[in-house]
Amino acid sequence: MVTLVFQYRHTVKMINKSVSGSSASNQAAVPEQGETLPPAVETITTAPGDTGAPGDHGDPEIIKSPSDPKEYRYIELSNGLRALLISDLSSAGTGSEDEEGEEVEEVEEAEEETEDSDEGDIQELEDQDEEPGLKRKRSEKQVRRGECSKHNADNYFSKTGSLQALRSLCVCCCTRVQAAAALCIGVGSFSDPDDLPGLAHFLEHMVFMGSEKYPAENDFDAFLKKHGGSNNAATDCERTVFQFDVQRKYFREALHRWAQFFICPLMLEDAMDREVEAVDSEFQMARPSDFHRKEMLFGSLSKAGHPMGKFFWGSAQTLKHEPKERQIDTYQRLQDFWRRHYSAHYMTLAVQSRETLDTLEEWVRQIFIEVPNNGEPRPDFSHLQEPFDTPAFNKLYRVVPVRKVHAVTISWAVAPQGKHYRVKPLHYISWLVGHEGAGSILSLLRKRCWALALCGGNSKTGFEENTTYSIFSISITLTDGGFQNFFQVIHLVFQYLKMLQTLGPQERIYEEIQQIGDYEFQYQEQTDPIEFVENICENMQLFPKMDLLTGDQLMFEFDSQVIGSVLDLLTPQRANLLLLSPDNQGRCLLRERWFGTCFSCDDIPEKWSQRWAGNLELHPDFHLPDENRFIATDFALKESDCPDTEFPVRIVKNERGALWFKKDNTFKIPKAYIWFHLVSPLIQTSPESLVLFDLFINILAHNLAEPAYEANVAQLEYKLVAGEHGVVIRLRGFNHKLPLLLQLIVDHLAGFSSEPDVFAMFSEQLKKAYFNILIKHDRLGRDVRLQILEPKRWSGLQKYQVLINGLTNDNLMTFAADLKVELYAEGLVQGNFTSEESKEFLQYFTEKLQFQPLSAEVPVSFLVAKLPQKPLLCKVKSLNRGDANSEITVFYQSGLKRLREHALMELMVVSVQPPPAVHRHKAASPKPRDRRTNKNGCFNCVSLYLHDLHGRFI
């Protein structure tokens, strides 16, 4: 069965600043008539001043993981551009170029398409606005609704495979097929002129609008689309990054085309209006984001004249209308900005491909030597220290958020910490502050039912880490009770910090963090080339050559003085408080200029400021973490006890469950993946059952949070998923202690309990989570569309109404008991385990849960209605009056198809998709297409149009 879904998103202007992907056109790009590319192979002529490692071997000064098969070489061109060459020949010879194909991206989508909506996941919903770079100190226990459930006990894995296997296959294929390059320029939005806010971001857009050698605007995007590639760019405070990937055999030509944007971009004046609208559209898409609103408000607290107070996004107002009124020539200023700041000696380049290092060096020298060097010193803002040493800081800011959420953020501005990357003092402090085990801040807050989650640290984005300051922040998602007692919540944070300051930096804890990081680095898995080179080219701006691969990952040396000096700055007198809550509505009379955020600014109440000014008492419930029992110490590879197979094979099948198994004999690392699906007939019986199931999973995760947190910090990941027809449990990490974690989860599942106050807390939070989903136009549209297509599916509105009507803790405990009466346990074990060990995992489920076999087979796919053979139109008003964005979904249906027809229809989808001419500020993943099948193999033909609140199509 095949489904084609096309989605188009519109704002008042155009597009989203956070969408990643290429801006592809259907127009094929070819060199101009008579033009030829530089020769593919020729003798290297080293210009004076060029440096590089001789011979076709890696640079021994660059420290890499023992499990990393790639070779590296660092070179510097005579124009000042520095490059890291990455040769990945580990998989050479595994297949011909013809075998590589152009469909790797579809493999990557496969995992996404096995997951449905996440309406039952409270915390993931609350995290949606969170900066991706912020390291949340919590295990991967966030729960999500909608694990793929196209289940048949006999052939489930033969149809869908393991999610982890798909991920591994995707990374393996991408590493083999794709080549990638990324270039970082040491200039960003800090360099925006005061009278043209957003110019750096605008230039990032404009350089892609053709070059002198390839003048067509979408030339490069069309070339990448034709050859299975993608590209993107991002503007940060002090850096701008461009990256692309493409099939290996087209890499050299793509590299040449891409380099022209930095050598001779056209930036035609008649393209400016279109790209101004694109920039403005990204800003409009960001406006409903509470994360971006907080960021903009925080930046406005800096000293006058500091670049943090600038409007980095840019808009039609700042780049078009106001310059026109002031008679500013934006086009000329754009050209001047490019000549001043896009200089070779500000640039760092990383390229990765299955070529020899000598070949890569030839290409880079031939192509990038043409990038101009203006000889000007690079922009330097390091003299602008202590930007938040102002009367506007150390206040209480109340903010009205877009979402229904209570949250408090406590922030400190300290000196730039980049020079201390070998010690990483902020990481050490965040590890303790964000700990969730016994004796931690979150442990105590959870016991009082005041908080759902806590994250602390520094996101390493330019906004929080630059040459003028570093931010350390603690953000806490509050319950209603926590909001009512938010000053007590803040007081507990200050008490915990006081304990850390009193005890001082602990070498034992530092070494534990260091040990975990070392193990993970030693056995690290290969990543997607485009992500890898993007990270490395930024590292080249920050770290010396030897630490290019390790500088952002490893803890090198314990230094109590460096850590202690930062820790001593985290006092109440230096903290800024920001409180988000819908209950602030009516008391926030100030409005932030750009995002329109309503806020108020107040002094800290005297009662609390005096209490915090004194000698804070230590709280008796706080203590440092104990030694971690989940840290692996046995990394031996196990001997296989069964024949090697290409795919997982079923080794157990009985009336209570089935188990698939595959021993890892390919990657040969001491890690494993465990996946179990406990299918129940109870979940889809009513909306009430679905809501109770969501509550069950959330409270189960809550109960596990403290005892399982040590496993998380030991790099053992687990996730509980509220599947559409059962509980899904996923674990991965070093195999030595993985069984210990599995037993802990099963024990809590068997002995599930819920207290009335915890139930009340999660009921209220789940109600907010459902509401926050429904106010998002894309999620509301999807919910309505599935209601049309799948009549037996319960809607988000129906679930929301269940919570409005009310449930009790007794209802939940009855549901939990009934849930475990009849189950079917289906599992997959893959990695460094034997088949006999794997059988014990399934046996532990059946013995501990004591469930009965299913009395009837559970249909775990929804029947889809066959609609009339005519177009249908559904218009839906967004529930969020403040969101100007709209979305269109066009849904096509067909009959039963063979595999070849599936592939052809997928190809058609790719070919007809319009080029999303967007760049990004921070990466976001594109949404997967939905596939819905009915019993008879028919497909629905539904067009879903989302309009603005006035019913207009924009």
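1. H619 lies in the loop between α21 (606-613) and β15 (649-654); helices (H or I, at least four residues) and strands (E, at least two) are DSSP runs, numbered from the N terminus. This is a predicted model, in which local features need pLDDT of at least 70 and side-chain atom pairs count only at pLDDT 80 or more, while totals for chains, interfaces and linings use all residues. Residues are numbered from 1 along each chain as its sequence is written, and side-chain values use heavy atoms, with hydrogens and water left out.

2. Is H619 buried or exposed? H619 counts as buried because its relative accessibility is 15%; buried means under 20% relative accessible area, exposed over 50%, and partly exposed in between (1.4 Å probe, protein chains only).

3. Not counting residues up to four places away in sequence, H619 touches L444, R448, L492 and Q495, where contact means heavy atoms within 4.5 Å. The C-alpha atoms of H619 and K498 are separated by 9.4 Å, although the two residues are 121 residues apart along the chain.

4. Seven strands form an open sheet with mixed pairing, in the order β10-β11-β9-β12-β8-β14-β13; two strands pair if DSSP finds at least two bridges between them. β10 (451-457) and β13 (590-591) stand at the edges with a single partner strand each, so one side of each has no neighbour in the sheet.

5. Within this sheet, β8 (residues 396-399) and β14 (residues 598-602) pair in the antiparallel sense over four bridges. L396 stands opposite D602 in β14.

6. Helix α17 (residues 486-503) lies across β8, β9 (406-414), β11 (470-478) and β12 (576-580), and runs at about 40 degrees to β9. Axes are lines fitted to C-alpha atoms, for helices over the stretch in contact, and angles run from 0 to 180 degrees between N-to-C directions. Helix α25 (residues 756-774) also packs on the sheet, where α25 touches β9, β10 and β11 and makes about 70 degrees with the direction of β10.

7. Helices α22 (residues 687-705) and α28 (residues 809-819) pack at about 90 degrees, with axes 10 Å apart. The contact involves residues including F693 and F696 of α22 and L812 and F815 of α28.

8. The largest nonpolar core has 74 residues, of which I674, F693, L695, F696, L720, L731 and L741 touch the most other members. Such a core is a set of buried Ala, Val, Leu, Ile, Met, Phe, Trp, Tyr and Cys residues joined through side-chain atoms within 4.5 Å. α22 supplies the largest share, eleven residues.
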